[in-house]
Amino acid sequence: MARQHARTLWYDRPKYVFMEFCVEDSTDVHVLIEDHRIVFSCKNADGVELYNEIEFYAKVNSKDSQDKRSGRSITCFVRKWKEKVAWPRLTKEDIKPVWLSVDFDNWRDWEGDEEVELAQVEHYAELLKKVSTKRPPPGMDDLDDDSDSADATSN
């Protein structure tokens, strides 16, 4: 079976570039972030192998970059080597692959927005941590059983 590319969204911030590989129910996820590229691979719910390799527009700090997996996607926080320098595109080449799109829901002009960006990164990381933390299911002892209340009203 041939490999396919995962649909990928990206947006730019003063210190980070964010990428979201849109794969629901992914398995065998591998993310390799290097100073000049990212290599992503996984399998989707149907067992199809997805593979993306992106040569970055500019150098990144791979040691201060990370990825988070959720049930719907894999998000990468890639730290820029040169902060406060806008990236006009994600890729080194001036060719946009069909599977790569700008995340316009999160894109904005960020000049002077450093505190807002840091708060958003921390908030998003905290939300992902809560989502990925497995807790026992809630107890259902306090729920009314309709059959008991029906018996009580007929007596």
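Okay, let's start with E83, which is partly exposed at 32% relative accessibility. This is a predicted model, by the way, so please keep that in mind as you look at the structure. What does E83 pair with? Its side chain meets that of R79 in a salt bridge, at 2.5 Å from N to O. And R79 counts as buried, with 17% relative accessibility, the cut-off for that being under 20%.

A quick bit of background for anyone new to this. Opposite charges on side chains can pair up when the charged atoms come close.

I'll just walk you through some of them.

Next up, K43 and D28. These two form a salt bridge, and their closest N and O atoms are 4.0 Å apart. Now look at where they sit: K43 is in strand β4, residues 37–43, while D28 is in strand β3, residues 27–33, so this pair ties together parts that are 15 residues apart in sequence. Are they buried or exposed? K43 is partly exposed, with a relative accessible area of 34%, and D28 is partly exposed too, at 48%.

Then there's D94 with R89, another salt bridge, where the closest N and O atoms are 4.0 Å apart. D94 counts as exposed, at 65% relative accessibility. R89, on the other hand, is partly exposed, with a relative accessible area of 25%.

Last one from me, and here we go beyond a single pair. Which residues are linked in a network of salt bridges? That would be E34, R37 and E53. Okay, that's my bit, thanks everyone.

Definitions and conventions. Residues are numbered from 1 along each chain as its sequence is written. This is a predicted model: local features need pLDDT of at least 70, side-chain atom pairs count only at pLDDT 80 or more; totals for chains, interfaces and linings use all residues. Side-chain values use heavy atoms; hydrogens and water are left out. Helices (H or I, at least four residues) and strands (E, at least two) are DSSP runs, numbered from the N terminus. Buried means under 20% relative accessible area, exposed over 50%, partly exposed in between (1.4 Å probe, protein chains only).
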